Structures are given as C-alpha cells and as structure tokens.
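Reader: I would like to go through some of the labels used for a protein model. Please set each value against its cut-off.

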Amino acid sequence: MKHSNPNIRINDKLLITARVLEKTGNLLFGQFNMTTRTYEILIHIHAGENTTAKLATMLQSSLANITHKTKLLESYGHLERIASDTDRRVWFFSLTPQGEKVLETIRFLYEKATERLYGQFSKQ
C-alpha cells in the first residue's frame with residue numbers, strides 16, 4: 001500500500017487485503033441479491049460443474065446447502081435445473097441467458113473494483 005505501516009507484516013497485509021476484497025464482493029454481490037457463495041456457484045456451473053454433487057465437492061459444502069442455494073438461484077431466474085433421466089436424485093444445472101448476463105456483469109464490476117484496490121499497492 002502507498003502509506004503502509006512497516007510494523008505490519010506481509011501476512012497481516014494479505015489478511016487485511018482479503019477482508020477488503022470480501023467486503024467489496026459482498027457489497028457488489030448484494031446489488032444482485034447474491035452472496036459470495038451464490039456467485040461461486042454460478043462460476044462453477046458456467047465452468048461445467050453442473051450437478052449438486054460436483055458443486056458440493058468443489059465448494060466443500062453440503063448437498064443440502066448446495067440444493068438450497070441452487071433453488072434460490074433458480075427462483076431469481078439465473079439457472080435452470082434439469083432432472084436426470086436415469087436417477088431422480090440427480091439434477092443438472094445450466095445458466096439461463098439472464099444468469100450468463102449477471103455473471104458477466106458481476107465479473108466486470110468486480111474486476112474494476114479489484115483493480116482500484118490493487119492500484120493502492122506499490123510495485124515493491
């Protein structure tokens with residue numbers, strides 16, 4: 001940071017930066033009725049992790065939590081759930097056009113916010 005305190009260690013600075021990024025994300029995601037976790041789910045579905053089990057594994061979360069979050073995202077119109085033809089317990093997810101648009105909008109805004117944050121660091 002431009003006016004950094006020499007008594008703050010680099011690991012502490014990284015923790016502070018992580019907290020600022022988290023707060024920035026929460027403020028940004030809140031504009032879209034989302035949280036960091038629901039945003040992560042959209043990212044993973046976009047990348048092809050399209051079942052409850054895969055999402056739970058990738059996000060280190062419970063199946064119940066993923067089911068709750070995906071139902072919420074579906075109610076917002078960001079994704080659609082499709083039942084498996086072979087196993088009624090399995091659901092496949094895909095982003096709707098609205099979900100794709102929200103994902104791209106949030107990515108753009110979040111990148112801008114993080115660029116401003118990282119611009120405060122010196123190149124040392």
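Reader: How many aromatic pairs does a search of the whole structure find?

Author: The search finds 2 aromatic pairs. Rings of Phe, Tyr and Trp (its six-membered ring) pair if their centres lie within 6.5 Å; planes under 30 degrees apart count as stacked, over 60 as edge-to-face and the rest as tilted. This is a predicted model, in which local features need pLDDT of at least 70 and side-chain atom pairs count only at pLDDT 80 or more, while totals for chains, interfaces and linings use all residues. Residues are numbered from 1 along each chain as its sequence is written, and side-chain values use heavy atoms, with hydrogens and water left out.

Reader: Why is the pair of Phe29 and Tyr39 called stacked?

Author: The ring centres of Phe29 and Tyr39 are 4.6 Å apart and the planes are at 25 degrees, so the pair is stacked. The pair links distant parts of the chain, 10 residues apart: Phe29 is in helix α1 (residues 10-30) and Tyr39 in helix α2 (residues 36-46). Helices (H or I, at least four residues) and strands (E, at least two) are DSSP runs, numbered from the N terminus. Phe29, Tyr39 and Tyr110 form one aromatic cluster.

Reader: What makes Phe29 buried?

Author: Buried means under 20% relative accessible area, exposed over 50%, partly exposed in between (1.4 Å probe, protein chains only). Phe29 has a relative accessible area of 3%, so Phe29 is buried. Tyr39, at 9%, counts as buried too.

Reader: How do you know that Arg81 is buried?

Author: Arg81 has 19% relative accessibility and therefore counts as buried. Arg81 lies in strand β1 (residues 79-83).

Reader: What joins the side chains of Arg81 and Glu74?

Author: A polar contact of 2.9 Å joins them. A polar contact is a pair of N or O atoms within 3.5 Å; within protein, one must be able to donate a hydrogen and the other to accept it, and residues adjacent in sequence count only if both atoms are side-chain atoms.

Reader: Where does the charged end of Arg81 sit?

Author: The charged end of Arg81 sits over the ring of Trp91, 4.1 Å from its centre. For this label, NZ of Lys or CZ of Arg must be within 6 Å of the ring centre and within 35 degrees of the ring normal.

Reader: Which residues touch the most other members of the largest nonpolar core?

Author: They are Met34, Ile41, Ile45 and Ile106, out of 18 residues in this core. A nonpolar core is a set of buried Ala, Val, Leu, Ile, Met, Phe, Trp, Tyr and Cys residues joined through side-chain atoms within 4.5 Å. Helix α2 gives the most to the core, with 4 residues.

Reader: Why are the buried residues of α3 placed on the same side?

Author: The buried residues of α3 are Thr52, Leu55, Ala56 and Leu59. They cover an arc of only 100 degrees around the axis, so they are on the same side of α3. The arc is that of the directions from the helix axis to the C-beta atoms.

Reader: What is the phi of Gln60, which follows α3?

Author: The phi of Gln60 is positive, near 50 degrees, although Gln60 is not a glycine. Most residues other than glycine have a negative phi. Gln60 is in the loop between α3 and α4, and at 75% relative accessibility Gln60 counts as exposed.
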